[in-house]
Amino acid sequence: MTPATRRDKLELMNGPTIPLAKPKSHFFPSEFACPCKVCRDLPPPEVRPELLAKLEEVRHALGDVPVIVASGYRCPSHNSDPKVGGAVGSRHLRLPVEAADIEVPGFEALTLWRIVSGLHLFGGMGLGPRWVG
C-alpha cells in the first residue's frame with residue numbers, strides 16, 4: 001500500500017484513517033506564568049507558537065538539553081517591581097506570551113547568550129547573571 005498524507009491524518013489506500021501525532025513540545029504554558037502573588041491562582045497564559053518553536057530550536061542547538069524558562073509573562077505590577085527590573089515597554093508584558101528569559105544548566109550566561117545570539121532567532125536579547133532573554 002502507498003500512504004498518502006493529508007493535513008492532520010494519514011490515509012492508507014483502502015485502509016483505516018490514522019491521526020498523525022502532533023509534535024511534542026518540551027515547554028508548558030505554566031512555565032510562562034507570572035510568579036507574583038496576584039497572578040498565582042490564574043490559569044497559565046497562552047504562549048505564541050512562534051516563541052515555542054524558537055525555544056525548541058534553541059534546545060536542539062544546545063544538544064537537546066533541558067531549557068528552563070526563568071521568566072515568561074509578567075503582569076504590570078510584577079514587571080515594575082524593582083527586584084525584577086522589567087523595562088516599561090517589556091515584551092514580557094504582552095499576551096499571548098512572546099518573550100522568555102531562559103537558563104540552561106551547565107551553560108554560563110555569557111556562553112549561552114553567544115550561542116543563542118548566533119542562531120539569529122530573536123530580534124533582541126538581554127543578558128543577566130544566570131539567564132538570557
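Mentor: Helices (H or I, at least four residues) and strands (E, at least two) are DSSP runs, numbered from the N terminus. This is a predicted model, in which local features need pLDDT of at least 70 and side-chain atom pairs count only at pLDDT 80 or more, while totals for chains, interfaces and linings use all residues. Residues are numbered from 1 along each chain as its sequence is written, and side-chain values use heavy atoms, with hydrogens and water left out.

Trainee: In what order do the elements of the chain run from the N terminus on?

Mentor: Let's start with the inventory: the chain has 3 helices and 5 strands. Read from the N terminus, these elements follow the order β-β-β-α-β-α-β-α.

Trainee: What percentage of the contacts in the chain with a separation of 6 or more is between residues 24 or more positions apart?

Mentor: A contact here is a pair with heavy atoms within 4.5 Å. Counting the contacts with a separation of 6 or more, the share between residues 24 or more positions apart is 52%.

Trainee: Is Val-69 buried or exposed?

Mentor: Val-69 sits in strand β4. Its relative accessible area is 11%. Under 20% counts as buried, over 50% as exposed and in between as partly exposed (1.4 Å probe, protein chains only), so Val-69 is buried. Across the chain, 29% of the 133 residues share that label, buried.

Trainee: Which residues does a cis peptide bond join?

Mentor: Good one to look up in the loop between α2 (76-79) and β5, where Pro-96 has its place. With omega at about -10 degrees, the cis bond joins Leu-95 and Pro-96.

Trainee: Where is Asp-64, and is it buried, exposed or partly exposed?

Mentor: Asp-64 has its place in the loop between α1 and β4. Its phi is near 60 degrees, a positive value in a residue other than glycine. Because its relative accessibility is 42%, Asp-64 counts as partly exposed.

Trainee: And His-120: what is its relative accessibility?

Mentor: His-120 belongs to the segment after α3 (109-118). Although His-120 is not a glycine, its phi is positive, at about 55 degrees. His-120 counts as exposed because its relative accessibility is 69%.
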